[in-house]
Every structure is written in structure tokens, then in C-alpha cells.
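The entries below follow the order in which I looked things up.

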Amino acid sequence: MKKNILIIDDSALMRRLISDIIMSDDRFSIADIARNGLEAFDLITLNPKKYDAILLDINMPKLNGIQLLEQLNKLKLRLKIIMVSTLAKEGAQETIQCLELGAFDFITKPESLIEAKGDVFKHKIITTLEVALSLESKGNQIAAKSVMKPVANVVERRTSNKTTSKVERRPHVVVDKKAKKLVALACSTGGPKALHQVIPKLPKTLDAPMIIVQHMPAGFTNSLAQRLNDMSELTVKEAEHGELLRKGYVYIAKGGSQLRVLKGPEGYTLSVTVEPARNGLKPCADIMYESLVDSDFDDITCVVLTGMGGDGTSGIKQLNEKNNIYVVAQDAATCTVYGMPKVVYESGLVDEVVSLDHVAEAITKNVGC
């Protein structure tokens with residue numbers, strides 16, 4: 001059965017181009033087209049179960065994409081919504097707000113008509129729909145170098161969680177208040193929304209600094225950090241190279257770079273470097289976790305939230321061999337995509353599986369405050 005897609009865009013040209021892309025794949029059907037958020041709101045509320053996925057612009061008259069998401073949230077409608085907008089690149093704050101409101105992912109509109117009609121934009125839309133709707137990929141291998149990758153980086157990591165081998169889990173040792181602790185969190189698709197439900201719940205007296213890898217392109221993680229900082233007791237910021245790790249701070253890996261923790265004369269500092277992606281990812285959680293293997297932290301709380309693929313598990317496996325770790329994974333029911341938490345759980349490394357509402361509690365319980 002074909003998947004029904006709703007297209008919402010105020011540009012007649014973009015509606016036509018996106019429609020042609022959708023109709024070129026026999027797995028999808030254009031169920032409806034709306035010219036603005038108000039038209040879309042009427043269509044969705046009239047029959048909310050009609051649409052398997054929605055492609056939504058941000059900047060529109062009458063009711064823009066953000067306002068539509070806010071209205072749908074008030075009605076508690078859970079829909080697979082993919083943002084397709086120029087603002088997804090130019091307005092990082094607007095994009096982060098959409099993801100916070102529950103958008104599944106985002107795609108940047110091409111800057112020219114030639115690019116819009118090209119294979120790269122087509123591939124991006126089809127691939128993101130495949131992931132959102134849990135469809136098998138048709139194996140399109142078109143390179144996407146000239147267009148920003150979606151938050152999920154779905155192309156590179158589609159097959160990374162097919163098999164998971166169990167490891168022998170070293171028992172976690174409870175440490176005292178004087179111990180040196182760290183919280184290291186990884187997430188991808190659905191991560192911005194999840195982080196908005198975790199970080200603001202953490203106390204300002206949390207007894208450890210916190211580092212986060214959220215899969216995002218360059219230019220977006222600073223806006224994510226700013227929004228989280230505005231609503232949190234902890235200080236949330238984008239990681240800076242050479243910065244000293246301090247309690248009371250949450251450091252988000254810079255999009256398009258790799259994050260490591262290094263030991264220096266005054267304590268642990270952050271290393272933020274521009275280098276090749278690993279498995280298509282920069283930042284990559286495995287790299288972050290691996291950098292902690294030779295550290296002397298007495299306790300490292302590893303947290304794995306919603307996301308496609310299995311990034312983070314390999315690094316946590318290496319930590320398990322030498323370090324005292326406590327691993328928290330988000331449960332399947334509250335994940336946007338149950339990939340990363342599933343892989344780490346199936347590896348046998350997890351100490352605790354919790355719903356998103358209880359992640360902050362699990363962190364605080366192990367770390368102390």
C-alpha cells in the first residue's frame with residue numbers, strides 16, 4: 001500500500017517540484033497539497049490519520065510552519081513531519097524550534113532551480129521519507145556533498161545496526177561524593193526534542209560536567225545550545241576548543257566537527273577539530289566516548305537517546321573494558337527512532353532503560369547533586 005504524503009508550501013514551483021519527486025517513487029502518493037499552514041491545519045484536523053508523512057515549509061502566510069506545529073502539539077497529534085525550507089539553513093533557531101516541537105527531521109531547499117531539479121535534492125527527500133516511515137532503502141547511492149545533510153545523517157548509517165554482539169559487562173561501582181565524574185550523552189534523530197525534555201530537568205548542582213554529541217551539521221548546534229540554556233539551570237553552550245570542563249556546564253559538540261576530552265595540566269579540556277567524518281558522522285559519539293578511555297574519571301555516566309543507527313555503542317564498549325561506567329538508554333516507546341538505544345541495549349552494556357521523562361532522574365541519581 002502506498003504511503004500518503006501531504007505537501008505544505010506557499011510556492012507553486014516548490015509544490016510542483018516536490019510533488020514530481022514524490023510521484024517518481026511508486027511507494028508514495030500525494031494525498032493532498034496545501035498552500036499555507038491554515039489550509040494544512042484544516043486538512044490534518046479533518047482526518048489526522050490520513051497522512052503517513054508531511055513535508056512542511058516554515059515561512060508561509062496566514063499560519064507558518066512553526067505556528068502549525070504549535071497548534072498540532074496542542075491537539076497532541078503525533079505525525080511524521082519533515083521540514084523542507086530555506087530557513088532550515090538560514091534560520092537555525094527556527095529549525096531548532098521546529099525539531100523541539102516534534103518535527104522528525106529537516107531538509108534544506110536548494111538555492112537554485114537547477115539544484116532543485118537535480119538528483120541530490122530528490123535523493124534527500126526520498127531517503128528521509130524512507131527513514132521516517134521505516135521503509136527499506138532502494139539503494140540510491142547518489143552523493144549529497146553539495147547539500148547539507150539532514151540531522152539524522154540517514155544515508156550513511158542506514159545499515160549500521162543490523163547486528164549487535166553481546167559483551168561481558170563489567171559491574172558498575174558506586175562512588176562517593178568526592179569522586180571525579182562525567183556525563184556523556186549521545187543522540188540523533190529526535191534528539192533536539194528529547195534534550196529539551198532532559199537538560200532543563202537537571203539540577204544546577206549536578207555533581208559532574210556534561211558533554212553531548214547530537215548529530216547536526218555546522219551552524220545549528222549553537223542555536224540548540226542557546227535554546228537549552230534559556231530554559232535550564234545548568235549553563236548550556238556549544239563546545240569550544242581548549243575549553244576547561246567544569247561542573248554546572250553542559251557542552252554540546254559543534255556540528256561539523258569532532259569532539260574529544262583531553263587531560264591537561266589544569267584538568268580536562270575539550271578538543272574541537274575539523275576532520276573527516278566517521279561513518280558519515282561529525283560529530284561522532286564513538287569518537288567522544290573513545291577519548292575517555294584513558295581518562296581517570298572515577299565514574300562516567302553514558303546516556304544514549306533516540307537516533308538512527310548505532311553510534312556510541314562501539315565507544316561505550318571500549319570504555320567498558322577499562323572504566324567504571326553506568327549506561328542509561330531511552331526506551332523504545334518514547335524514542336522518535338529506536339536505533340541507537342536499541343543497539344547499545346542489545347550489546348548488553350545497559351544498566352538502566354528508562355522513558356524520556358525519567359532520563360534526567362536517572363542521571364541525577366547516579367551522579368548526585
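**Entry 1**

In which loop is Pro283 found? I located Pro283 in the loop between β11 (267–273) and α11 (285–290). The model is a predicted one, and I kept that in mind throughout.

I then checked the peptide bond from Lys282 to Pro283 and found it cis, with omega near 15°. Asn279 lies in the loop between β11 and α11 as well. Its phi is near 55°, a positive value in a residue other than glycine. Asn279 counts as exposed, because its relative accessibility is 52% and the cut-off for exposed is over 50%.

I placed Ser134 in the loop between α7 (119–132) and α8 (154–157). Ser134 is exposed, at 66% relative accessibility. I noted these angles because most residues other than glycine have a negative phi, and most peptide bonds are trans.

**Entry 1: the cores**

Next I looked up the nonpolar cores. The largest has 57 residues, and those with the most contacts inside it are Ile199 and Ile363. Helix α14 (residues 359–367) gives the largest share of this core, 5 residues.

What does Ile363 touch, once its neighbours within four places in sequence are left aside? I listed Val183, Val198, Leu202, Leu206, Met210, Val303 and Gly368. There is also a second, separate core of 32 residues, which includes Tyr251, Leu292, Met340 and Leu349.

I turned to pairs of helices. Two packed helices are described by the angle between their axes and the distance between the axes.

For α5 (92–100) and helix α10 (residues 221–230), I read an angle of about 60° and axes 9 Å apart. The pair is therefore oblique, since 65 to 115 degrees would be needed for roughly perpendicular and under 35 for roughly parallel. The crossing of α5 with α10 is right-handed.

From α5, the residues that meet α10 are Ala92, Gln93, Ile96, Gln97 and Glu100. From α10 they are Ser223, Leu224, Gln226 and Arg227. I sorted the contact of α5 with α10 by class and got 3 nonpolar, 4 polar and 2 charged residues.

Which residues of α10 are buried? They are Thr221, Ser223, Leu224, Ala225 and Leu228. Their cover includes α5, α9 (191–196), β7 (210–214), β8 (235–238) and β9 (249–252).

**Entry 2: α2 against α3**

Helix α2 (residues 37–46) and helix α3 (residues 65–74) pack at an angle of about 25°, and their axes are 9 Å apart. I therefore noted α2 and α3 as roughly parallel to each other. Their crossing is right-handed.

On the α2 side the contact is made by Gly37, Ala40, Phe41 and Ile44, and on the α3 side by Leu68, Gln71 and Leu72. By class, the contact of α2 with α3 divides into 5 nonpolar, 2 polar and no charged residues.

**Entry 3: α1 against α7**

I looked at helix α1 (residues 12–23) and α7 as well. Their axes come within 10 Å and cross at roughly 65°. α1 passes α7 in a right-handed crossing.

Met14, Ile18, Ile21 and Ile22 are the α1 residues in this contact. They meet Phe121, Lys122, Ile125, Ile126 and Leu129 of α7. I counted the contact of α1 with α7 as 8 nonpolar, no polar and 1 charged residues.

**Entry 4: distances to Arg170**

Last, I took Arg170 as a reference point.

Lys322 is in helix α12 (residues 313–322) and is exposed, with a relative accessible area of 52%. Not counting residues up to four places away in sequence, Lys322 touches Arg170, Val293 and Asp294.

I then took Gly102, which sits in the loop between α5 and β5 (105–108). Gly102 and Arg170 are 68 residues apart in sequence and 37 Å apart in space, C-alpha to C-alpha. I recorded Gly102 as partly exposed, with a relative accessible area of 27%.

How values were computed: Residues are numbered from 1 along each chain as its sequence is written. This is a predicted model: local features need pLDDT of at least 70, side-chain atom pairs count only at pLDDT 80 or more; totals for chains, interfaces and linings use all residues. Side-chain values use heavy atoms; hydrogens and water are left out. A nonpolar core is a set of buried Ala, Val, Leu, Ile, Met, Phe, Trp, Tyr and Cys residues joined through side-chain atoms within 4.5 Å. Buried means under 20% relative accessible area, exposed over 50%, partly exposed in between (1.4 Å probe, protein chains only). Helices (H or I, at least four residues) and strands (E, at least two) are DSSP runs, numbered from the N terminus. Contact means heavy atoms within 4.5 Å. Axes are lines fitted to C-alpha atoms, for helices over the stretch in contact, and angles run from 0 to 180 degrees between N-to-C directions. Angles under 35 degrees count as roughly parallel, over 145 as roughly antiparallel, 65 to 115 as roughly perpendicular and the rest as oblique. A crossing is left-handed if the near helix is turned anticlockwise from the far one by less than a right angle, and right-handed if clockwise. Ala, Val, Leu, Ile, Met, Phe, Trp, Tyr, Cys and Pro count as nonpolar, Asp, Glu, Lys and Arg as charged, and the others, Gly among them, as polar.
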